[in-house]
Amino acid sequence: MCRFAGLTGDTPTCLDSQSRAYFKARFQGKTPQVERIGLTYMLHGMTTDTGMQMPPHVMVIVPDPTDLKQFPTTPQSGAPWVMKANTPYAHLIIPVGGQSMGAITQPSGQ
């Protein structure tokens, strides 16, 4: 499923059934019940719920977030990293489009 108005505003987003289940649970404050790997494409970047600006990326949702412990938990130069580490909402961020995650900007005042 793809939508022009994305999950956190007007960011175009494409996501599969596992990612939809993940986001539904997350927005309801529940633990996601992910059965298999899910993919979300945010190829125009996005603004997070905290106001962080992120360049284009793919999100990988996994059934067991502890499987992501081998990845860094902060943006690296072009490398995959885990967002929301050590929570039931942990997911892998894979930068795309030649923009480094170093291009992430935090909202002012943080």
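Visitor: Which residue just after α1 takes a positive phi?

Guide: Keep in mind that this is a predicted model. The residue is G29, with a phi of about 75 degrees.

Visitor: And what happens at the start of α1?

Guide: There, a side-chain oxygen of D16 comes to within 3.3 Å of the backbone nitrogen of Q18.

Visitor: Which residues of helix α1 are buried?

Guide: In α1, residues 17-27, they are Q18, S19, Y22, F23, A25 and R26. Looking down the axis of α1, you find these buried residues within an arc of 165 degrees, so they line one face of the helix. They pack against β2, β3, β6 and β8.

Visitor: How do I describe a pair of aromatic rings?

Guide: Use the distance of the centres and the angle of the planes. This structure has three aromatic pairs. One of them joins Y22 and F23, edge-to-face, at 5.0 Å centre to centre with 80 degrees between the planes. Another is Y22 with Y89, also edge-to-face, at 6.5 Å and 75 degrees. Y22 sits in α1 and Y89 in the loop between β7 and β8, so this pair ties together parts 67 residues apart in sequence.

Visitor: Which residues form the aromatic cluster?

Guide: Y22, F23, F27 and Y89.

Visitor: Is H91 buried or exposed?

Guide: Buried, because its relative accessibility is 1%, and under 20% counts as buried. H91 lies in strand β8, and its side chain makes a polar contact of 3.0 Å with that of Y22. H91 also touches other residues, including R26, M59 and W81.

Note on methods: Residues are numbered from 1 along each chain as its sequence is written. This is a predicted model: local features need pLDDT of at least 70, side-chain atom pairs count only at pLDDT 80 or more; totals for chains, interfaces and linings use all residues. Side-chain values use heavy atoms; hydrogens and water are left out. Helices (H or I, at least four residues) and strands (E, at least two) are DSSP runs, numbered from the N terminus. Buried means under 20% relative accessible area, exposed over 50%, partly exposed in between (1.4 Å probe, protein chains only). A polar contact is a pair of N or O atoms within 3.5 Å; within protein, one must be able to donate a hydrogen and the other to accept it, and residues adjacent in sequence count only if both atoms are side-chain atoms. Contact means heavy atoms within 4.5 Å. The arc is that of the directions from the helix axis to the C-beta atoms. Rings of Phe, Tyr and Trp (its six-membered ring) pair if their centres lie within 6.5 Å; planes under 30 degrees apart count as stacked, over 60 as edge-to-face and the rest as tilted. Lists of a residue's contacts leave out its neighbours within four places in sequence.
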